[in-house]
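Colleague: I'm new to reading models like this one. Could you pick a single part, look at it closely, and then connect it to what surrounds it?

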Amino acid sequence: MTQPGGGESTPATYPPRRSVVAWIFFDWAAQPFFTLVTTFVFAPFFASALASDPAQGQALWGYATGLAGLAIALLSPLLGGIADQTGPRKPWIAVFGAMLVAGSAMLWYAKPGSPWAVPIALAGFVIGTIGAEFATTFNNAMMTRLVPPERLGRLSGTGWAVGYLGGLVSLALTLGFLAADPHTGKTLAGLSPLFGLDAAAREGDRFSGPLTALWFVIFVTPMFLLTPDSPRTGISLKQAAAGGFSHLKATIAELPSLPGLGRFLLANMIYQDGLVALFAFGGIYGAGVFGWQTIELGVFGILLTITGTLGAWAGGKLDDAIGGKTVILGAIACLLFACIGILSLGPGQVAFVIEAVPATPGDGLFASLPEKVYLGLGLLIGLVAGPLQASSRSLLARIAPPARIGEFFGLFALAGKVTSFMGPTLVALATTVFASQRAGLAVLIGFFLTGAWLIAGVKVKRG
């Protein structure tokens, strides 16, 4: 099971099905942070109710996302290499999972009107993001011990699909029973919020933070109990940390000798950054351009998550059938189309030049043509985002050296985050300079075009 020096090899036998299912449920446990906090509930609430205006809200959220991404980029490869040398991944997941829980719980205290609301919201978001991303990195590094290489695509796709489903269920609970329209005081299901949550104080939106924390604690537990971890190598944490920087430098210098791996990591660095920024600002964009509130954004999120679940499940099968690289290129092409389509929309405009009647209060959900087009483009993004992320994860698991899988998943996190402070920051800067949310999102087209060009040149051997 291990090689001299502490590296792992491919296991001779694989754990029972219950262990694999428990590992998959990590995605279910962690996804509400990205669904409720990052995208559909708390982020739009921050932009519309805490920031002075939606443009400033988008800018502040972008700077916070960039700060978290910078911390993740700097530390992921080093910590991944240390975990490879010491062995077990679960202790790392526990530490960073605790950060996810703490940061999410802080969001409850971001009360509208409080002078500390914006700093508390941004601090909780940064802490929770760092925790969620690092915990995911170490969970990913467990993949190769669970199934044979020819089933990695299906495992990764199923994990993403289950994660999207967890996000869908948590979002439906939030909208149906917790978050209410501040004007009517009713949830999407027409009910008064549970637990006496005050709609006027936006307590339902803020409760998405504590719900995310509790959800993670409950549903990550099976992974800790049932999924086998890597054995201890006998190398102490202090010893592993002492040689961490030099080992990381040697690995980066070695990348040119690993066919396709360096180019793949660079491509992933760029297109994942564009995807993260697109999700981070999707709800905020809808709130700012169309005036969507919690109910509209929630329905949008539910529909997008449904397509994401289906896309991730189907993408895993496609990955094993036609290869991860082909799936990734197809997904990026769809994201480029969606980005251009979104930029062509305004409250009374479609495809840049076609005039449309804007929605007026009382028209109902997604009443105007631009809103319907935005909804359709959002569903397309959801459909291809899961396959893009799942195929990226499985492709790395196939081509990385098995003995150093944690280190390379650390580099994978680096590749996904090293420019993540640039993407949201560029969106924030463009939004600030031009005082336009549309100008901010335009920068993402460059990320997807560059990522597609790089991944197209990666040579991957099947099998």
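Modeller: Let's start with helix H5, where 19 of the 24 residues are buried, so H5 is largely enclosed by the rest of the structure. "Buried" means under 20% relative accessible area, "exposed" means over 50%, and "partly exposed" is in between (1.4 Å probe, protein chains only). A helix here is a DSSP run of H or I with at least four residues, a strand is a run of E with at least two, and both are numbered from the N terminus.

Some ground rules before we go on. This is a predicted model, so local features need pLDDT of at least 70 and side-chain atom pairs count only at pLDDT 80 or more, while totals for chains, interfaces and linings use all residues. Residues are numbered from 1 along each chain as its sequence is written, and side-chain values use heavy atoms, with hydrogens and water left out.

Back to H5, which covers residues 117-140. How far apart should its ends be? At 1.5 Å a residue, its 24 residues should span 34 Å, and the end C-alpha atoms are 34 Å apart, so the two agree. The expected span is 1.5 Å times one less than the number of residues.

Gly131 has its C-alpha atom 9.2 Å from that of Ile72, although the two are 59 residues apart along the chain. Ile72 sits in helix H3 (residues 54-86), and it counts as buried because its relative accessibility is 1%.

Contact means heavy atoms within 4.5 Å. With 0% relative accessibility, Met223 counts as buried. Its C-alpha atom is 7.1 Å from that of Phe25, yet 198 residues separate them in sequence.

Which helix does H1 (residues 17-40) pack against? Its partner is H2 (residues 42-50), at an angle of about 20° and with axes 3 Å apart. That makes H1 roughly parallel to H2, a label for angles under 35 degrees; over 145 is roughly antiparallel, 65 to 115 roughly perpendicular and the rest oblique. Axes are lines fitted to C-alpha atoms, for helices over the stretch in contact, and angles run from 0 to 180 degrees between N-to-C directions. On the H1 side you'll find Leu36, Val37, Thr38, Thr39 and Phe40, which meet Phe42, Ala43 and Pro44 of H2.

What about the nonpolar interior? A nonpolar core is a set of buried Ala, Val, Leu, Ile, Met, Phe, Trp, Tyr and Cys residues joined through side-chain atoms within 4.5 Å. The largest one has 70 residues, and Phe264, Leu444 and Phe448 touch the most other members. H11 (261-290) is among the helices that each supply at least two residues, and H11 gives the most, 15 residues. Apart from that core lies another, of 52 residues, including Ile24, Ala110, Met142 and Leu146.

Zooming out, the protein chain has 18 helices and two strands. Of its 463 residues, 59% count as buried. Among contacts with a separation of 6 or more, 81% come from residues 24 or more positions apart.
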